[in-house]
Amino acid sequence: TLAVAGFMIVYYLVAGAVANVALLLNIVILLGVLCSIDVTLTLPGIAGIVLTVGMAVDANVLIYERMREELAAGKSVRGAVAAGYSKAFGTIFDSNLTTLISSVLLIIFGTGTIKGFGTALTVGLIVSMFTATPGHNWANRSKYRRRSTTPPSPIAVHCTLQPFSVSHTAESRRLVQSAYD
């Protein structure tokens, strides 16, 4: 895990550090939930946690590579962050859902330690969906946020453009749209 965290920092720099914080949060929440439901960690349970960490890192890599593609296509940083998350979410959700189905089946049909593996993996995947997408997305967006937390309203843009005409209306739409990109 430390080698993977080091690689993320070296390869993705600040974004890798954000991913490592999300990964640490994932592990802390996962262990907290497992303790609260009185799960005894056996070797298969620890393997479920390791698999969860691997899938969380995979989600981060998917997001960051999609963001790189968007930046290479000429999008702004904020636009690339938004597009990176929205385009990678389907793949992340699909892989986590199929693994979640398998882990629930392990809990239902497994015995002993196999149930521990399935439980650790199920809880880990649910936690990972939170830390890898909404929580991680919030951290990246706040890193690239401008001084104003909300884009200018069309009314405020119209008030600054004198006199009001059709050409100013088109210009104000462009300004508002650029605030969202």
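## Close-up views of an all-helix model

**Figure 1. The protein chain holds 8 helices and 0 strands.** Welcome to this predicted model. Starting at the N terminus, the elements follow the order α-α-α-α-α-α-α-α. The protein chain has 181 residues, and 35% of them are buried. Look also at how the chain meets itself: among contacts with a separation of 6 or more, 67% are between residues 24 or more positions apart.

**Figure 2. Helix α2 packs with helix α5 at an angle of about 140°.** Here you can follow α2 through residues 14-36 and α5 through residues 113-132. Their axes are 9 Å apart. The angle makes α2 oblique to α5, because angles count as roughly antiparallel only over 145 degrees. The crossing of these two helices is right-handed.

**Figure 3. Residues of α2 meet residues of α5.** On the α2 side, find A22, L25, N26, I29, L30, V33 and L34. Facing them in the contact, α5 contributes T119, A120, V123, G124, V127, S128 and T131. Sorted by class, this contact has 9 nonpolar residues and 5 polar ones, with no charged residues.

**Figure 4. F7 and Y11 form a stacked aromatic pair.** The whole structure contains 4 aromatic pairs. In the pair shown here, the rings of F7 and Y11 are 5.4 Å apart, centre to centre, with 10° between the planes. Why are F7 and Y11 separated by about one helical turn? They are 4 residues apart in helix α1, which covers residues 2-12. F7 has a relative accessible area of 48%, so F7 is partly exposed. Y11 is partly exposed as well, at 39% relative accessibility.

**Figure 5. Y11 and Y12 form an edge-to-face pair.** The planes of these two rings stand at 90°, so the pair counts as edge-to-face. Their centres are 4.8 Å apart. Is Y12 buried or exposed? Y12 is buried, because its relative accessible area is 9% and buried means under 20%.

**Figure 6. Ring pairs link four aromatic residues into a cluster.** Now put the rings together: the cluster consists of F7, Y11, Y12 and Y64.

Terms used: Residues are numbered from 1 along each chain as its sequence is written. This is a predicted model: local features need pLDDT of at least 70, side-chain atom pairs count only at pLDDT 80 or more; totals for chains, interfaces and linings use all residues. Side-chain values use heavy atoms; hydrogens and water are left out. Axes are lines fitted to C-alpha atoms, for helices over the stretch in contact, and angles run from 0 to 180 degrees between N-to-C directions. Angles under 35 degrees count as roughly parallel, over 145 as roughly antiparallel, 65 to 115 as roughly perpendicular and the rest as oblique. A crossing is left-handed if the near helix is turned anticlockwise from the far one by less than a right angle, and right-handed if clockwise. Contact means heavy atoms within 4.5 Å. Ala, Val, Leu, Ile, Met, Phe, Trp, Tyr, Cys and Pro count as nonpolar, Asp, Glu, Lys and Arg as charged, and the others, Gly among them, as polar. Rings of Phe, Tyr and Trp (its six-membered ring) pair if their centres lie within 6.5 Å; planes under 30 degrees apart count as stacked, over 60 as edge-to-face and the rest as tilted. Buried means under 20% relative accessible area, exposed over 50%, partly exposed in between (1.4 Å probe, protein chains only).
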